[in-house]
Amino acid sequence: MPSIVVLSLLIAAGCLLVYRLLRRQFHNLQAEVGHLPQASADWGLGHPLVGVSIQHLLTMPKELAGRPVVIMIAAPGCGLCKGSVERLIQAREKQELPALCLIMPKDDPQKVQEYFQTFHSKLPLQMAPEELINRLNITTFPFSFIVDRTGVIRRVGESVNQLIAKYRAEWQQKPQGKQSGKQSGKQPGKPQGGKLSLSVILGRAFRLVWQHGKGWMLFSLLASVVMGTLPIAALSVTKHLIDTVTDLVLKRSEQFSMALWLLLAQFLIVLLSSTVQKAQEYFNRKMEFRLDHVLQQQIMQKTSSVPYSYFDLPEFQDHLDRVNGGMGGRFLQPLKNVLEIGKSALVLLSFLGFLFTVHWSLVVISTVASIPIFFIQSGFGKRSFQLSVAQTKTTREAHYFSHLLKSRPAAGEVRLFRLAPHLMRRWSQKFLKNAAEQLSLQKKQQTAYVGLDGITALFYTLAAGVMVWLMRTSTVTVGDFVAIGQAVQGTQGSINSISQQMARLYESGLFIRDYFSLLHYEVPGVRQMKGTEPFPALVQGISVENVSYRYLQGRRDVLQNVSFTIRPGEKLALVGENGSGKTTLVKCLMGLYPVTDGQICFDGVNLDGIEEGALRKEINVIFQDFIRYQLSVRENIACSEIERYGDDERLAEAAEKSGAAQFVGRMAQGYDTYLGRMYRDGEDLSGGQWQKIALARAVFADAQVVILDEPTAALDPQAEREVFAQFERLTAGKTAIFISHRMAAARLADRIVVLKDGRVAEQGTHAELIALGGEYRRMYEMQAEWYGVETGGAV
């Protein structure tokens, strides 16, 4: 009975030690990666800056010291910032909200001065320290966050209004004495819900796996229990088999039947272990495929629903690249780690129980040797993930150079310009740089493991010494000696396995955090289309009123106070030099880019108020760099309104109007012919033929507004003339906007808008603009002179 009590106490102590190590490790994870967002309203908690201290980077005004403060970093050249500053002033005046505004020092000096003159009496203002901007890696403005009285960032806001609401809910009603860095006893960087536990980190992953694989989870749990009890059973059979065979050899017994039964038991254990293991591998693979399908769907739904402007952000592309590839296996890994820990714990407890019946010192020796392994493997798991994140950009660049050398579209220019050696050199530099960093980490890891193996060997030697001592002081059979040796090794192996799986669980938690943070990826200040109104039947037309736009990471407005109107059924041409803002303006008209200032209205209805699906249906655009889908002719044309994919009559009409019917009719399979040779032996089209397919898309959609970006750019003169001749038919009954560098094309428009440096330079009919003698006439005469030279003087 005393032995059982002591064993129970040792097991309880071991479990407590494992629990404390696990809790400590995931406490460290919280400090590194913050909290997983549980809903869009709590998005700020998932931001990587939550928990970062900026106390040494910013001197707080005396009146704000010792209090949680709302801080906003504003760029005076940013159109959204002024309104946000005014909202912050309002909140401060009405609610006595502690607030500070930091001004970007590298912005327009005149606007910076205006900010200080306008707002300094209403709101504490400071110039933002450059070190702070660099530390926070801020690329969009305004950027708002809350710090506690110790200077640690607690919230990062989606908007100033939401951040103010969070401040009122979480800080305003609290006594100042409890607004410390520990948040009423909580650890820094943690939400008021409590410490970050294993369930908080991985709970969402487990729920998702349970939702899509209840059978897999139950089978895996049963398999872990079976595999966890088989080692002690195999050890017991081996011990008795060795003792039985020893007795037979020494002629102390003649129990041949017992030896045969033990051999059969050993065979059945091996067979059962192999069967369960192979079945588990199959079901794991099946579950990985199922999860991969679900997770990729979620990622594709995210990427197809985020604002178009996110794709201009390198960090969004890097984040997307990190979570791509083998998502099912990586998402399932944490649960497999937990099951493996459970299995190893069963093996460990059974072996410890056996060793304790032999001598208590064997339990101590077997356990102590494995403690350093946990800390070292956990540390390398974190460093491995951090290295993966740091290398994302370089890896994407290496993949790009590799793609250029392997892809069909680039093959011609690579050969023509003899680019292969240069691209290979660029790829090699990126590849070898990543390889060197990975090998450096691997070298350190393997060196550490050599030391760990030395420690393990030392403690095993001590255990062997104890076994030799036991053989001299007590009755120990050969089977006992072998079993004790296997149990010591098994105990160390089980503890090592638990340590490894806990370290991998930590690394898996980092990936899952990365995955969920992508699903909740949002850029503060970027408006998303949430309108509910239908698209109106155009009677008054389209009005563009003082529209300005700045890219998310831009320092200046690429469109500035652009204003014009388009009457229903009018044909409007946008002309201007490269970089004048024509395509950007078109993307604003389509709602792909939310305007920074001003508004765009359709029959008086603001674009932001229109339901997104209705807007997409009634505005159709063909960009100059349109996608050439490696699909059938039918899909390439009907993709503009895929719901009417099977409407052959409409398909034929669109192809006829665009001129695509001429060459499609000569194809063996007609509209079911596949285009391109990337995946099938399809038809290769010329640039002009592809342009006609694109024009057919615009006709097929039957939208109220048609936008054509350089509709004749890839056409030969004859084909260009045909398109111009058909222009009236292509846009009959529709409001049409087309972008063109060719002034001859602009003459077809009812009215022309000339853009220069993001502003409207001129607008009017062709005759009016020629008479005006401004920018349009300059470009027109320049092209007329050029074509006159080419054609022998005929303009």
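Reply: A disulfide here is a pair of cysteine sulfur atoms within 2.5 Å. A search of the whole structure finds zero of them. This is a predicted model: local features need pLDDT of at least 70, side-chain atom pairs count only at pLDDT 80 or more, and totals for chains, interfaces and linings use all residues. Residues are numbered from 1 along each chain as its sequence is written, and side-chain values use heavy atoms, with hydrogens and water left out.

Now the sheet. Helices (H or I, at least four residues) and strands (E, at least two) are DSSP runs, numbered from the N terminus. Two strands pair if DSSP finds at least two bridges between them. The open sheet has five strands in the order β3-β2-β1-β4-β5, with mixed pairing. Its edge strands are β3 (125-127) and β5 (153-156), and each pairs on one side only. Neighbouring strands are turned by 30 degrees against each other on average, direction ignored. For such angles, axes are lines fitted to C-alpha atoms, for helices over the stretch in contact, and values run from 0 to 180 degrees between N-to-C directions.

Helix α3 (residues 109-119) packs on this sheet. It touches β1 (69-74), β2 (99-103) and β3, where contact means heavy atoms within 4.5 Å. The direction of α3 makes about 160 degrees with that of β3.

Another antiparallel pair is β14 (residues 751-756) with β15 (residues 759-764), over five bridges. Leucine 755 stands opposite valine 760 in β15. These strands form a hairpin with two residues between them. In the turn, aspartate 757 has a positive phi of about 55 degrees.

Aspartate 702 also has a positive phi, near 55 degrees, and follows helix α22. Helix α22 (residues 687-701) has 15 residues. From first C-alpha to last it reaches 22 Å, close to the 21 Å expected at 1.5 Å a residue; the expected span is 1.5 Å times one less than the number of residues. Of its 15 residues, 13 are buried. Buried means under 20% relative accessible area, exposed over 50%, partly exposed in between (1.4 Å probe, protein chains only).

Cysteine 588 counts as buried because its relative accessibility is 1%. Cysteine 639 is partly exposed, at 29%.
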